[in-house]
Amino acid sequence: MLTLYSMPSSGNSYKVRLLMHQLGIPFDHQDCEYGSGVTESEAFREMNPNGKVPLLKLEDGRLIAESNAILLYLAAGSPLLPHDPYQLAKVHEWMFFEQNFHEGTIATRQAILNYPQRAHLRVPEKLDPLLEAGHRALGVMEAQLAKTDYIAGDTYTVADIALFAYTHTAGSKGNFDMQQFPFINNWLTRVTKQPGFVELDWLPAT
Ligand SMILES: N[C@@H](CCC(=O)N[C@@H](CS)C(=O)NCC(=O)O)C(=O)O
(Lines give C-alpha, C1' and ligand atoms only; values in the text may rest on other atoms or scores of the structure.)
Protein backbone atom coordinates (compact mmCIF):
# COMPACT_ATOMS: atom_id res chain seq x y z
CA MET A 1 0.00 0.00 0.00
CA LEU A 2 1.12 3.57 -0.67
CA THR A 3 1.86 5.82 2.31
CA LEU A 4 0.98 9.50 2.22
CA TYR A 5 2.59 11.82 4.74
CA SER A 6 0.19 14.73 4.82
CA MET A 7 -1.06 17.67 6.83
CA PRO A 8 -4.85 17.46 7.31
CA SER A 9 -5.29 21.28 7.27
CA SER A 10 -3.08 21.91 4.22
CA GLY A 11 -4.18 22.54 0.66
CA ASN A 12 -1.00 21.04 -0.78
CA SER A 13 -1.70 17.78 1.04
CA TYR A 14 -5.41 18.00 0.15
CA LYS A 15 -4.52 17.99 -3.57
CA VAL A 16 -3.09 14.48 -3.20
CA ARG A 17 -5.83 13.14 -0.89
CA LEU A 18 -8.46 14.40 -3.35
CA LEU A 19 -6.80 12.80 -6.36
CA MET A 20 -6.23 9.48 -4.58
CA HIS A 21 -9.89 9.37 -3.55
CA GLN A 22 -11.04 10.26 -7.05
CA LEU A 23 -8.86 7.56 -8.60
CA GLY A 24 -9.81 5.01 -5.92
CA ILE A 25 -6.19 4.53 -4.80
CA PRO A 26 -6.04 3.20 -1.22
CA PHE A 27 -3.34 4.64 1.03
CA ASP A 28 -2.07 4.71 4.55
CA HIS A 29 -2.29 8.27 5.90
CA GLN A 30 0.46 9.52 8.18
CA ASP A 31 -0.66 12.67 10.00
CA CYS A 32 1.93 15.46 9.89
CA GLU A 33 -0.18 18.37 11.16
CA TYR A 34 1.49 21.75 11.56
CA GLY A 35 2.97 22.06 15.05
CA SER A 36 3.20 18.29 15.61
CA GLY A 37 6.94 18.39 14.97
CA VAL A 38 6.80 15.42 12.56
CA THR A 39 8.24 17.31 9.59
CA GLU A 40 11.11 18.55 11.78
CA SER A 41 12.08 15.08 13.01
CA GLU A 42 15.32 13.46 11.90
CA ALA A 43 13.41 10.46 10.52
CA PHE A 44 11.25 12.68 8.32
CA ARG A 45 14.20 14.83 7.17
CA GLU A 46 15.92 11.68 6.03
CA MET A 47 12.96 11.01 3.74
CA ASN A 48 12.53 14.65 2.64
CA PRO A 49 15.41 16.99 3.44
CA ASN A 50 13.14 19.91 2.55
CA GLY A 51 10.96 19.01 5.55
CA LYS A 52 7.67 19.48 3.72
CA VAL A 53 4.52 17.52 3.07
CA PRO A 54 2.90 16.03 1.09
CA LEU A 55 5.37 13.20 0.69
CA LEU A 56 4.42 9.93 -1.00
CA LYS A 57 6.14 6.65 -0.17
CA LEU A 58 5.77 3.97 -2.81
CA GLU A 59 5.39 0.31 -1.90
CA ASP A 60 9.08 -0.30 -2.63
CA GLY A 61 10.15 2.59 -0.38
CA ARG A 62 10.90 5.16 -3.07
CA LEU A 63 9.73 8.68 -2.26
CA ILE A 64 8.15 11.59 -4.14
CA ALA A 65 7.90 15.12 -2.69
CA GLU A 66 6.16 18.24 -4.08
CA SER A 67 2.39 18.05 -4.39
CA ASN A 68 2.25 18.62 -8.13
CA ALA A 69 4.94 16.02 -8.86
CA ILE A 70 2.89 13.53 -6.84
CA LEU A 71 -0.29 14.45 -8.75
CA LEU A 72 1.45 13.94 -12.08
CA TYR A 73 2.88 10.58 -10.98
CA LEU A 74 -0.42 9.23 -9.67
CA ALA A 75 -2.54 10.51 -12.56
CA ALA A 76 -0.35 8.99 -15.29
CA GLY A 77 -2.51 6.78 -17.50
CA SER A 78 -5.78 8.11 -16.03
CA PRO A 79 -8.31 10.44 -17.71
CA LEU A 80 -7.07 13.24 -15.45
CA LEU A 81 -3.80 13.57 -17.39
CA PRO A 82 -3.98 14.08 -21.18
CA HIS A 83 -1.77 12.11 -23.58
CA ASP A 84 -1.74 14.74 -26.33
CA PRO A 85 1.55 16.67 -25.95
CA TYR A 86 -0.08 20.10 -26.31
CA GLN A 87 -2.87 19.32 -23.85
CA LEU A 88 -0.29 17.86 -21.47
CA ALA A 89 1.80 21.02 -21.77
CA LYS A 90 -1.27 23.11 -20.86
CA VAL A 91 -1.71 21.00 -17.71
CA HIS A 92 1.95 21.57 -16.84
CA GLU A 93 1.61 25.28 -17.65
CA TRP A 94 -1.14 25.74 -15.05
CA MET A 95 0.62 23.59 -12.48
CA PHE A 96 3.78 25.70 -12.81
CA PHE A 97 1.59 28.81 -12.60
CA GLU A 98 0.09 27.43 -9.39
CA GLN A 99 3.51 27.05 -7.79
CA ASN A 100 4.99 30.30 -9.12
CA PHE A 101 2.15 32.81 -8.83
CA HIS A 102 -0.72 31.29 -6.87
CA GLU A 103 0.54 29.21 -3.96
CA GLY A 104 3.13 31.74 -2.79
CA THR A 105 0.51 34.47 -2.53
CA ILE A 106 -2.93 32.92 -2.00
CA ALA A 107 -1.84 30.01 0.21
CA THR A 108 0.73 32.10 2.06
CA ARG A 109 -1.85 34.76 3.02
CA GLN A 110 -4.23 32.04 4.22
CA ALA A 111 -1.47 30.45 6.31
CA ILE A 112 -0.60 33.78 7.95
CA LEU A 113 -4.24 34.49 8.78
CA ASN A 114 -5.08 31.02 10.08
CA TYR A 115 -2.08 29.36 11.76
CA PRO A 116 -1.34 30.74 15.25
CA GLN A 117 2.36 30.05 14.59
CA ARG A 118 2.23 32.71 11.83
CA ALA A 119 0.32 35.33 13.85
CA HIS A 120 3.41 37.56 14.12
CA LEU A 121 3.25 38.04 10.33
CA ARG A 122 -0.26 39.55 10.44
CA VAL A 123 0.95 43.06 9.54
CA PRO A 124 -0.10 45.17 6.54
CA GLU A 125 3.45 45.15 5.11
CA LYS A 126 3.13 41.36 4.69
CA LEU A 127 -0.60 40.94 4.06
CA ASP A 128 -1.31 43.76 1.60
CA PRO A 129 1.17 42.75 -1.14
CA LEU A 130 -0.10 39.16 -0.86
CA LEU A 131 -3.67 40.39 -1.33
CA GLU A 132 -2.71 42.37 -4.41
CA ALA A 133 -0.62 39.59 -5.98
CA GLY A 134 -3.29 37.01 -5.12
CA HIS A 135 -6.02 39.04 -6.79
CA ARG A 136 -3.79 39.33 -9.84
CA ALA A 137 -3.32 35.53 -9.98
CA LEU A 138 -7.06 35.02 -9.56
CA GLY A 139 -7.58 37.46 -12.44
CA VAL A 140 -5.40 35.27 -14.66
CA MET A 141 -7.50 32.23 -13.77
CA GLU A 142 -10.72 34.19 -14.29
CA ALA A 143 -9.67 35.12 -17.84
CA GLN A 144 -9.01 31.46 -18.67
CA LEU A 145 -12.19 30.18 -17.06
CA ALA A 146 -14.22 32.70 -19.05
CA LYS A 147 -13.08 30.72 -22.11
CA THR A 148 -12.97 27.07 -20.96
CA ASP A 149 -14.88 25.02 -18.39
CA TYR A 150 -11.69 23.73 -16.81
CA ILE A 151 -8.39 25.46 -16.24
CA ALA A 152 -6.34 23.62 -18.88
CA GLY A 153 -9.15 23.20 -21.42
CA ASP A 154 -12.44 21.38 -21.80
CA THR A 155 -11.79 18.48 -19.44
CA TYR A 156 -11.09 18.07 -15.74
CA THR A 157 -7.41 17.37 -15.07
CA VAL A 158 -4.88 17.41 -12.23
CA ALA A 159 -4.31 21.11 -13.02
CA ASP A 160 -7.82 21.74 -11.69
CA ILE A 161 -6.99 19.85 -8.51
CA ALA A 162 -3.73 21.80 -8.10
CA LEU A 163 -5.54 25.14 -8.37
CA PHE A 164 -8.72 24.17 -6.55
CA ALA A 165 -6.90 23.39 -3.30
CA TYR A 166 -6.14 26.97 -2.27
CA THR A 167 -8.66 28.80 -4.48
CA HIS A 168 -11.71 27.27 -2.79
CA THR A 169 -10.68 28.74 0.57
CA ALA A 170 -9.25 32.01 -0.80
CA GLY A 171 -12.32 33.98 0.32
CA SER A 172 -13.09 32.22 3.60
CA LYS A 173 -9.51 31.84 4.87
CA GLY A 174 -7.61 34.51 2.93
CA ASN A 175 -10.17 37.34 2.74
CA PHE A 176 -9.74 37.58 -1.02
CA ASP A 177 -12.68 39.26 -2.72
CA MET A 178 -14.15 36.32 -4.64
CA GLN A 179 -17.17 38.32 -5.82
CA GLN A 180 -14.90 39.75 -8.50
CA PHE A 181 -14.48 36.29 -10.05
CA PRO A 182 -17.79 34.75 -11.21
CA PHE A 183 -16.14 32.33 -13.64
CA ILE A 184 -13.88 31.02 -10.88
CA ASN A 185 -16.89 30.58 -8.60
CA ASN A 186 -18.73 28.54 -11.26
CA TRP A 187 -15.61 26.44 -11.81
CA LEU A 188 -15.24 25.80 -8.06
CA THR A 189 -18.79 24.39 -8.07
CA ARG A 190 -18.01 22.34 -11.19
CA VAL A 191 -14.99 20.78 -9.46
CA THR A 192 -17.07 19.80 -6.41
CA LYS A 193 -19.42 17.89 -8.76
CA GLN A 194 -16.65 15.62 -10.09
CA PRO A 195 -16.99 11.91 -9.26
CA GLY A 196 -15.24 11.03 -6.03
CA PHE A 197 -14.89 14.62 -4.87
CA VAL A 198 -14.10 14.95 -1.15
CA GLU A 199 -13.65 17.98 1.07
CA LEU A 200 -10.41 19.21 2.58
CA ASP A 201 -11.08 17.45 5.88
CA TRP A 202 -11.59 13.99 4.37
CA LEU A 203 -9.12 11.35 5.54
CA PRO A 204 -9.15 7.62 4.77
CA ALA A 205 -10.66 5.38 7.45
CA THR A 206 -7.99 3.78 9.61
N1 LIG B 1 5.75 23.32 -3.01
C2 LIG B 1 5.44 22.37 -2.00
C3 LIG B 1 5.05 23.09 -0.71
C4 LIG B 1 4.89 22.16 0.44
C5 LIG B 1 4.65 22.89 1.75
O6 LIG B 1 4.95 24.09 1.90
N7 LIG B 1 4.12 22.17 2.71
C8 LIG B 1 3.85 22.74 4.00
C9 LIG B 1 2.37 22.57 4.32
S10 LIG B 1 1.37 23.43 3.15
C11 LIG B 1 4.65 22.01 5.06
O12 LIG B 1 4.99 20.87 4.89
N13 LIG B 1 4.96 22.65 6.17
C14 LIG B 1 5.58 21.98 7.27
C15 LIG B 1 6.76 22.66 7.77
O16 LIG B 1 7.19 23.65 7.16
O17 LIG B 1 7.26 22.18 8.79
C18 LIG B 1 4.34 21.43 -2.49
O19 LIG B 1 3.58 21.82 -3.39
O20 LIG B 1 4.25 20.30 -2.01
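This is a predicted model: local features need pLDDT of at least 70, side-chain atom pairs count only at pLDDT 80 or more; totals for chains, interfaces and linings use all residues.
User: How do E1 and strand E2 run, and what is the handedness of the crossover between them?

Analyst: E1 is joined to strand E2 (residues 27–31) by 5 bridges, and the two run parallel. Leu4 stands opposite His29 in E2. From E1 the chain passes through helix H1 (residues 11–23) to E2, and this β-α-β crossover is right-handed.

User: Why is strand E1 described as largely enclosed by the rest of the structure?

Analyst: In a regular strand the side chains alternate between the two faces of the sheet. In E1, Leu2, Leu4 and Ser6 point one way and Thr3 and Tyr5 the other way, and all are buried. The strand is largely enclosed because the buried residues number 5 of the 5.

User: Is Tyr5 buried or exposed, and what is its relative accessible area?

Analyst: Residues count as buried under 20% relative accessible area. Tyr5 falls under that cut-off, so it is buried, with a value of 11%.

User: What kind of aromatic pair do Tyr5 and Phe44 form?

Analyst: The whole structure holds 9 aromatic pairs. Tyr5 and Phe44 have 6.0 Å centre to centre and 70° between the planes. Tyr5 is in strand E1 and Phe44 in helix H2 (residues 42–47), 39 residues apart. Planes over 60 degrees apart count as edge-to-face, and the pair of Tyr5 and Phe44 is edge-to-face.

User: How many residues apart in sequence are the parts tied together by Phe164 and Phe197?

Analyst: The ring centres of Phe164 and Phe197 are 5.6 Å apart and the planes are at 90°, so this pair is edge-to-face. Phe164 lies in helix H6 (residues 158–167), and Phe197 in the segment after helix H8 (182–192), so the parts tied together are apart in sequence by 33 residues.

User: Which residues form one aromatic cluster with Phe164 and Phe197?

Analyst: Phe164 is buried at 2% relative accessible area, and Phe197 also counts as buried at 16%. The residues that form one aromatic cluster with Phe164 and Phe197 are Tyr14 and Trp187.

User: What percentage of the ligand's area does the protein bury?

Analyst: The ligand is surrounded by 13 residues, with Thr39 and Lys52 among the closest. A polar side-chain atom of Lys52 lies 2.8 Å from a ligand oxygen atom, and a polar side-chain atom of Gln99 lies 2.8 Å from a ligand nitrogen atom. Taken alone the ligand exposes 510 Å², and the part of that buried by the protein is 83%.

Key: Residues are numbered from 1 along each chain as its sequence is written. Side-chain values use heavy atoms; hydrogens and water are left out. Buried means under 20% relative accessible area, exposed over 50%, partly exposed in between (1.4 Å probe, protein chains only). Helices (H or I, at least four residues) and strands (E, at least two) are DSSP runs, numbered from the N terminus. Two strands pair if DSSP finds at least two bridges between them. A crossover is right-handed if, with the strands pointing away from the viewer, the path from the first strand over the helix to the second runs clockwise. A residue is near a molecule or strand if one of its heavy atoms lies within 4 Å of it. A polar contact is a pair of N or O atoms within 3.5 Å; within protein, one must be able to donate a hydrogen and the other to accept it, and residues adjacent in sequence count only if both atoms are side-chain atoms. Accessible areas come from the Shrake-Rupley method with a 1.4 Å probe; for residues, only the protein chains shown count as cover. Rings of Phe, Tyr and Trp (its six-membered ring) pair if their centres lie within 6.5 Å; planes under 30 degrees apart count as stacked, over 60 as edge-to-face and the rest as tilted.
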